[in-house]
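This briefing covers helix packing, the domain contact and the ligand shell, in that order.

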Amino acid sequence: MKLYHFPSPNPQKVTFALRELGLECEIVPVDLGKGEQRNPEFLAINPFGRVPVLVDGEFKLWDSHAILAYLGEKTGRLWPSTAAGHADALRWLFFLAQHISPPAGDLAFNRIAARILGIPADEDAIARGEKALPGVIGIIDGHLTDHKWMLGNDFSLVDCAYTPVLNIIEKAGFSYQDFPRLRTYLDLCRARSAWKDIPKLPGL
Ligand SMILES: N[C@@H](CCC(=O)N[C@@H](CS)C(=O)NCC(=O)O)C(=O)O
């Protein structure tokens, strides 16, 4: 397998999962800082021009959550085996993609990426992110009242999806002070050796 990669949150979901699953994968760097995601060769693999992209033989797959589902189905590990379990995993992945990632992106892009790229931060986007996050983070905090991991007693690929996003939200200055269960959960996720091993940007 090959993974088109930059050490930012969406590709980190996949590198974290690959480490947890103990799968070998060639890493193909795509430097977002240099705009390599817009090179014609890369757009031929992913017309959306974003990482991660997984290539497994003839199969090319972009979108981090689709890749996690593929790895779960392919290996039968860290992934539910029942219809209800699949639906539960998809529910939390859709919730992350649709409701947590957009405000997380508003904060991360304007508080972290803008500084690295040397472009002005969009203060309206920061305010929008800060306003939207408490509601959705509160839902995860409530869910964790009686779940050790997102799907229950066992660590899963859904936790591989949540960790980089919750991590970048915190690095972008959002406080988890009012969300103690989420803070404990995030610490547990970040204490895993697979998370410690994956590529990260300095300080993130
Ligand atoms: N829904 C996609 C989003 C992928 C995405 O936004 N990736 C970012 C890096 S974390 C990217 O490639 N950004 C490049 C750009 O926007 O030009 C996924 O989950 O894979």
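Helices α6 and α7 are roughly perpendicular to each other, a label for angles of 65 to 115 degrees. This is a predicted model, in which local features need pLDDT of at least 70, side-chain atom pairs count only at pLDDT 80 or more, and totals for chains, interfaces and linings use all residues. Residues are numbered from 1 along each chain as its sequence is written.

**Helix pair**
- α6 (residues 157–171) and α7 (residues 180–190) pack at about 110 degrees with axes 10 Å apart; axes are lines fitted to C-alpha atoms over the stretch in contact, and angles run from 0 to 180 degrees between N-to-C directions.
- Helices are DSSP runs of H or I with at least four residues, numbered from the N terminus.
- From α6, D159, T163, L166 and N167 meet L182, L186, C189 and R190 of α7, where contact puts C-beta atoms, placed from the backbone, within 7 Å.
- Four nonpolar, two polar and two charged residues make up this contact of α6 with α7; Ala, Val, Leu, Ile, Met, Phe, Trp, Tyr, Cys and Pro count as nonpolar, Asp, Glu, Lys and Arg as charged, and the others, Gly among them, as polar.

**Domains**
- Domain 1 spans 2–75 and domain 2 spans 83–196, with bounds from an automatic or database assignment.
- Their contact takes 13 residues from domain 1 and 13 residues from domain 2.
- On the domain 1 side, α1 (9–21) and α3 (64–75) each give two or more residues, and α1 has the largest share, seven residues.

**Ligand shell**
- Residues around the ligand include N10, R50, D63 and H65, with C-beta atoms, placed from the backbone, within 6 Å of it.
- The shell divides into four nonpolar, six polar and two charged residues.

Conventions
Contact = placed C-beta atoms within 7 Å. Parallel < 35°, antiparallel > 145°, perpendicular 65-115°, else oblique.
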